[in-house]
Amino acid sequence: MTDKIKVKISSFVANILENDALCFGFTKNDKSNKNALLNKLIPTLVEVRKARRNEIENILKNEYCREDTENIYNAVNTVIDKVYFNDVELNILDEYVWIRPSKETMFVYDEIETSEMYITAQELSVYIRGLLNEYSRLPQYKREALVFDKELDVFSDACFTRSILHFRDKETNRRHKAFAFNYYYGYLYDKTNYCIVYDINEDKIKSIPLHTIQDIYMIKQKYKPSEKLIELLQEYTDNCNFEKEIIVGEE
């Protein structure tokens with residue numbers, strides 16, 4: 001694997017990446033840091049592709065009982081990339097993006113070279129461009145959910161298990177200890193995904209934009225909310241007034 005990967009992209013994709021780097025907080029010296037965005041994003045996009053391929057393979061095997069599953073499987077994956085994620089509708093490829101794999105993501109790019117390129121019959125830069133073409137067509141709230149997929153997974157688990165959640169807000173640099181209630185996909189509001197929490201230390205209901213959550217983890221200890229708190233959290237979520245914080249008086 002080389003230290004840098006050069007990918008030719010359309011101006012449409014370049015503008016989306018620029019927008020998302022700024023909106024999602026991937027900046028350096030007040031400028032967009034697209035390399036940091038891509039190193040966070042591409043591992044998730046590869047997993048999405050792999051999951052889709054597995055689903056195709058399972059349908060061929062289990063629903064159609066095809067003996068030639070592997071041949072169809074390989075052909076379908078190549079065709080999907082060429083038909084749905086080609087460059088025609090994204091205009092001329094007149095921009096470049098450089099990716100410098102980090103130590104944490106190097107294995108993903110190695111996997112692309114050793115496995116993904118063989119399956120899709122594509123060169124490295126073409127494969128990555130296909131990932132970015134697919135990503136760029138999505139609405140902003142969905143792109144945010146993909147970039148912060150791991151953070152959203154931990155938050156979702158905390159909502160389900162009622163385990164106490166710890167995280168840092170990278171905009172304020174404050175640590176939070178919270179009861180995770182629910183998350184709100186922002187496709188009807190301002191295109192931002194919000195995580196609705198009860199901040200245990202501050203005794204407040206508040207919403208945290210997904211892209212500001214960092215260093216998130218759960219602990220084994222559970223939080224047992226009162227019926228009053230659940231009602232207030234539900235009312236807060238239903239009203240969608242996420243700029244407000246509500247003092248609860250729970251403790």
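Predicted model: local features only at pLDDT ≥ 70, side-chain atom pairs only at ≥ 80, totals over all residues.
**Ground rules.** I took local features only at pLDDT of at least 70 and side-chain atom pairs only at pLDDT 80 or more, while totals for chains, interfaces and linings use all residues. I numbered residues from 1 along each chain as its sequence is written, and side-chain values use heavy atoms, with hydrogens and water left out.

**Entry: strand β1.** I then looked for a partner. Five bridges join β1 to β4, residues 95–99, and the two run antiparallel. Two strands count as paired if DSSP finds at least two bridges between them. K6 stands opposite W98 in β4.

**Entry: charges over rings.** I stayed with K6. Its charged end sits over the ring of Y96, 4.2 Å from the centre. The test asks for NZ of Lys or CZ of Arg within 6 Å of the ring centre and within 35 degrees of the ring normal. I also noted R49, whose charged end sits over the ring of Y127, 6.0 Å from its centre.

**Entry: the six-stranded sheet.** Which order do the strands take? I read β9-β5-β6-β7-β8-β10, an open sheet with antiparallel pairing. β9 (213–222) and β10 (246–247) stand at the edges with a single partner strand each, so one side of each has no neighbour in the sheet. Five bridges join β5 (residues 163–169) to β6 (residues 174–184), antiparallel. The bridge partner of L165 is A178 in β6.

**Entry: aromatic pairs.** How many did the search of the whole structure find? It found ten. Rings of Phe, Tyr and Trp (its six-membered ring) pair if their centres lie within 6.5 Å; planes under 30 degrees apart are stacked, over 60 edge-to-face, the rest tilted. F155 and Y183 are edge-to-face, 6.5 Å centre to centre with 70° between the planes. The pair links distant parts of the chain: F155 is in helix α7 (residues 149–161) and Y183 in β6, 28 residues apart.

Is F155 buried or exposed? F155 is buried, because its relative accessibility is 0%. Y183, at 28%, is partly exposed. The cut-offs are under 20% relative accessible area for buried, over 50% for exposed, and partly exposed in between (1.4 Å probe, protein chains only).

Y183 also pairs edge-to-face with Y185, at 5.3 Å and 80°. Y185 is partly exposed at 33%. Ring pairs link Y141, F155, Y183 and Y185 into a cluster.

Terms used:
Helix = DSSP H or I, 4+ residues; strand = E, 2+ residues; numbered from the N terminus.
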